[in-house]
Amino acid sequence: MPDVTGQQLDAALSAIESAGFTDDVDVEGGGVFGVVDTSNWQVCEQFPAAREPFTGSPRLTVDRSCDDGTDASPTPDDETSEPAVEAATSAPSVVTAAADPAFAAILVEGDYCSDAIAQFADERAGQTIEFDGSLVAINNHDGYTTRYDILIAAGDYNETSQPGPAFQFSDVNTTSDMHWANDNITSTVGVGDNLHLVATIDTFEADSCLLRIRPVATSFR
């Protein structure tokens, strides 16, 4: 097991894979919504310890930053606890098709490269959306064996065609990054699965017409 304590989570996962462990790594921590962007989290504890052999799935405990020397008891002037409070109180409301006509319209749009989808993504960037969708493609991300690019369409799975944006989760594993909200065997997730998704809008890529989103909560339906 390499020494990854103190590293950012994305670098730690790469180091563990380079050391020969290619299965999913257990990640604990991540706040209210869990780990969405691995580059934003730091490894505070690891098991097994550095240079010990792998005896199962490695376990990493993460936080925004690892503070070893301060009193854990919060005070009114404790700056380290304030961002979490702000995040909880300022989180945007969830956008649904029932409540947002623009979102409802793009979910049935026949052209996934349409200007309406690009405009919606630009105007709602950073907001959280909730919808029923299906997994239509899954590919390894940059040659990794446990990191994937997952293509998601709106509505139930259809082998021939599906309307709406070409949603994509980029560089995720199929366990902790997906933030499963129900009991499931995550190793069986694959093309054809119908899902209920809560995700944050990232960007719309004009060249590929991909609407990149980041998972907040995922469940089978």
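Let me begin with a term: a residue is called buried when its relative accessible area is under 20%, exposed when that area is over 50%, and partly exposed in between, using a 1.4 Å probe and protein chains only.

Good morning. The structure above is a predicted model, in which local features need pLDDT of at least 70 and side-chain atom pairs count only at pLDDT 80 or more, while totals for chains, interfaces and linings use all residues. Residues are numbered from 1 along each chain as its sequence is written, and side-chain values use heavy atoms, with hydrogens and water left out.

I shall start with the overall picture. The protein chain contains 4 helices and 9 strands; here helices (H or I, at least four residues) and strands (E, at least two) are DSSP runs, numbered from the N terminus. Read from the N terminus, their order is α-β-β-β-α-β-α-α-β-β-β-β-β. Of the 221 residues in the protein chain, 37% are buried.

Next, contacts, meaning heavy atoms within 4.5 Å. Among those in the protein chain that link residues at least 6 apart in sequence, 62% join residues at least 24 apart.

I now turn to the disulfides. A disulfide is a covalent bond between the sulfur atoms of two cysteines. Here the term is applied to a pair of cysteine sulfur atoms within 2.5 Å. How many disulfides does this rule give? The count is 2.

Cys 44 sits in strand S2 (residues 42-47), whereas Cys 66 sits in the loop between strand S3 (59-63) and helix H2 (82-90), and the two are 22 residues apart. The link is left-handed, with -95° about the S-S bond. Cys 44 has 24% relative accessibility and therefore counts as partly exposed. Cys 66, at 26%, is also partly exposed.

The other disulfide joins Cys 113 to Cys 209, with S to S 1.9 Å. Cys 113 lies in the loop between helix H3 (101-107) and helix H4 (115-124), and Cys 209 in the loop between strand S8 (194-205) and strand S9 (210-220), so the pair ties together parts that are 96 residues apart in sequence. The torsion about its S-S bond is about 115°, so this disulfide is right-handed.

Is Cys 209 buried or exposed? Cys 209 is buried, because its relative accessible area is 7%. Cys 113, by contrast, has 32% relative accessibility and so counts as partly exposed.

Finally, with the bonded cysteines numbered in sequence order, the pairing is 1-2, 3-4. Thank you.
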